[in-house]
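Me: I've got this one open on my screen and I'd like a close look at a single part, then a sense of the rest around it. Could you walk me through it?

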Amino acid sequence: MKQQNNQITTMQMMGLMLLAYLFSFSIRLIWVYQFKDHSAFMWNGELMINTNDGYFWASGAQHSLWGMHSDNPRIPEMWKYGTVAVTAFLTKYTPFSLETVILYLPAVISSLVVIPIILIARLYGKVLWGFLAALLGSIAWSYYNRTMVGYYDTDMFSAMAPMFILYFLMKSTIDFDLKSALYAALMVAIYPFLYDAGRAIIYAIGIIYSLYMIWYHRNEKVTYQSLILLFVALIPLPFVAPWNYLLKFALLFGIFTFFKKSTLSQKNLIIISTILFIMFMIFGHALSLIIHKTMAYLMTGTTQEGLHFYGVKQTVREAGHIPFSTFANRVSGSTIGVFIALIGYAVLVFRHRQFILALPLIGIGVFALWGGLRFTVYAVPVAAMSAIYLFVVISEYITDKRVKYIFLIISTALMIYPNITHIIAYKVPTVLKKVEVQDLSMLDKVADSKDYTLAWWDYGYPIWFYSDTNTLIDGGKHNNDNFIISKIMQTTSPVLAANLSRLAVETYVDSNYSVVADVLFKNGEKDQIDPNRFLAKLEDPNYQLPPKTRDIYLYMPLRMMNIFPTVSLFGNLDLTTGKKERRMMFFLAYARQQKGGKIIMDNGIIFDTKKGIIQQGQGSLRIKSLVTVQMGKDGHAIQQVYPFHRDATTMIIYMKDYQRFVILDQETFYSMYVQMFILGKYDKNLFELVVSSPYSKIYKLKK
């Protein structure tokens, strides 16, 4: 460590990379250690993953490996998405099961971020800086959260791959070796395969690089050669994967070889690079993509054109505004840490102007204050380098080498400490528990792969993976069809629920998987249908439905109780105005203590069982009835009703098996979800109960 960069051999540097990589990977095993003995989180002998979106990619791997989900129009193709390709390859050619691969792959891939961090520092002769920054950047709060063991998603590539691109671009501005630009272009070309969602970030880095090179190195011939390589990499090709990537690689190598032998004048190179830049802006939709990505995370409320459907972005936690303290914690582990990083970045740019190229990564991280916490991950590696660099600059004023290195180690440790404490406390559970997966596995045994399971979008991907059925909405399909599922779950009419289910699925398939709500209501068209009248017609048992081509199942899980008010937002709308149809009440509570005839609940509500009223603060409500429900030995619900005030409209359900109270209005009490899941009541002429457990009920549509 006492050696300067020019004294450190390649093997020594690789040793530091390996050490940093092992540190990153080992820290991620803390979660495994914490949950390895929890059988409730195990399936097929392995811990399950802890992110819903992971089941999207895992289902794609199932399709590539075993041909599953062949009737699912949403299944990701192997050669279009690197996550699926890498997963399928490792599952097929290693002794590890699919469950093991998807569990550990995020830690394996994301820990590679230590390599470009150390390489960037080596460009400036400060490998120790890079090593210490790699320790911090690889496990900092936000990066860890989205790349931990079990967080199987494309986020494992989100910050790691841009750092490699950043390294090669920075290197090309220092050594002016066209090979560096070629390697950067190759990484840019393959980036959409690894992380398509981050294309706007790479576009921004490409534009910054172009401006930088023209501003500082406009008189260098290699500048325009580098830009030509970069723009070719950025321009999308109109071919299907993997041919688009292979062709682009061939083009890049061909252009590179041509430049090595060519005597093209600088003027011609400028013309060619200008034409390619214009092509990039047009065919890459660069400006529109960046604006669209920004506006997509700033939009809230109902849609403004056509019918007024409820927008999903504001109900997703990661897409909401976050306070500065949250931003600071997620980027650097603490508020002090992020200020150190911001100051360090300013010093970095002042001393090494090439770090201007990292501005898009810092910028997108700051955008998280408005766009949501998911964007903080991009800023983490650069923030780590910036913070440690500030310590390196300060250490330059320490003459005693021993004191200098002690200062750097202690300063880095203090930056790492809050992130480690967060990791230890971050005991995120798996997406589903074993008992829930068992229910979906039972559905898999009775359903066909062409069948549809109607459920809220949170459960779409796990339903694919464990039951091999299709869904109408899922974690990546947030559109107006949320209204359809929400309406089915909250309507009080079993006939409407059954008719809408059949009509929605058959319309979806027949319309080549278009947005069902838009098709049914002719949303935004001149002959747009009044949705209220249309839904009223669906309450007619004799409504003429399209021919049945597949079975349909309704999935009603216990865990949806916690988000049922949110689910209801999408269906509790008059689509013609965008206003709520009614004021809904749905509260969950546990009894904290009982004094005489009064039950004091954990949310502050007091239930007077003698007077039949509930109180919260100064307000009170009369209760119509208390309904207790308990699962009998035969799997059917046993209910008892205790009436209070006939003219009241508030109900209370006591779920004995869960020791949970549900306080709700009368109309919500008669909704399909409450009746069919909580109370176990359903129209046997319309539905058949095929799976029943304390954790979920799955009904088969008979129509």
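The part I mean is Val690: which residues does Val690 touch, not counting residues up to four places away in sequence?

Reply: Val690 touches Tyr553, Ile698 and Lys700, once you skip residues up to four places away in sequence. Keep in mind that this is a predicted model. Val690 sits in strand 16, which covers residues 687-692. Its relative accessibility is 25%, so Val690 counts as partly exposed; the cut-off for buried is under 20%.

Asn532 belongs to helix 26, residues 531-537. At 29% relative accessibility, Asn532 also falls into the partly exposed class. Neighbours within four places aside, Asn532 is in contact with Asp574, Thr576 and Glu581. Leu229 lies 303 residues from Asn532 in sequence, with 56 Å between their C-alpha atoms. His217, on the other hand, is buried, with a relative accessibility of 10%. You'll find His217 in helix 11, residues 199-217. Setting aside neighbours within four places, His217 has contacts with Thr173, Phe176, Tyr212, Thr223 and Arg353.

On to the interior. In soluble globular proteins, nonpolar side chains tend to be buried together. Here the largest nonpolar core has 228 residues, and those with the most contacts inside it are Trp31, Trp129, Phe521 and Ile653. Helix 10, residues 178-195, gives the most to this core, with 13 residues. Click on Trp31 and leave out the neighbours within four places: its contacts include Leu47, Met48, Leu103, Tyr144, Met148 and Val149. Tyr426, Val428 and Thr430 are also among the contacts of Trp31, as is Asn50.

Just after helix 16 comes Gly333, with a positive phi of about 100°.

Now zoom out. The protein has 29 helices and 17 strands. Its radius of gyration is 29 Å, close to the 27 Å from the globule rule for 703 residues, so the protein is as compact as a globular protein of that length. The C-alpha trace spans about 85 × 60 × 50 Å along the principal axes. Of the 703 residues, 55% count as buried. Take the contacts between residues at least 6 apart in sequence: 68% of these join residues at least 24 apart.

Terms used. Residues numbered from 1 in each chain as written. Predicted model: local features only at pLDDT ≥ 70, side-chain atom pairs only at ≥ 80, totals over all residues. Heavy atoms only, no water. Helix = DSSP H or I, 4+ residues; strand = E, 2+ residues; numbered from the N terminus. Rg over C-alpha atoms; globule rule 2.2 N^0.38 Å. Buried < 20%, exposed > 50% of the residue type's maximum accessible area, 1.4 Å probe, protein only. Contact = heavy atoms within 4.5 Å. Core = buried A, V, L, I, M, F, W, Y, C linked by side-chain atoms within 4.5 Å.
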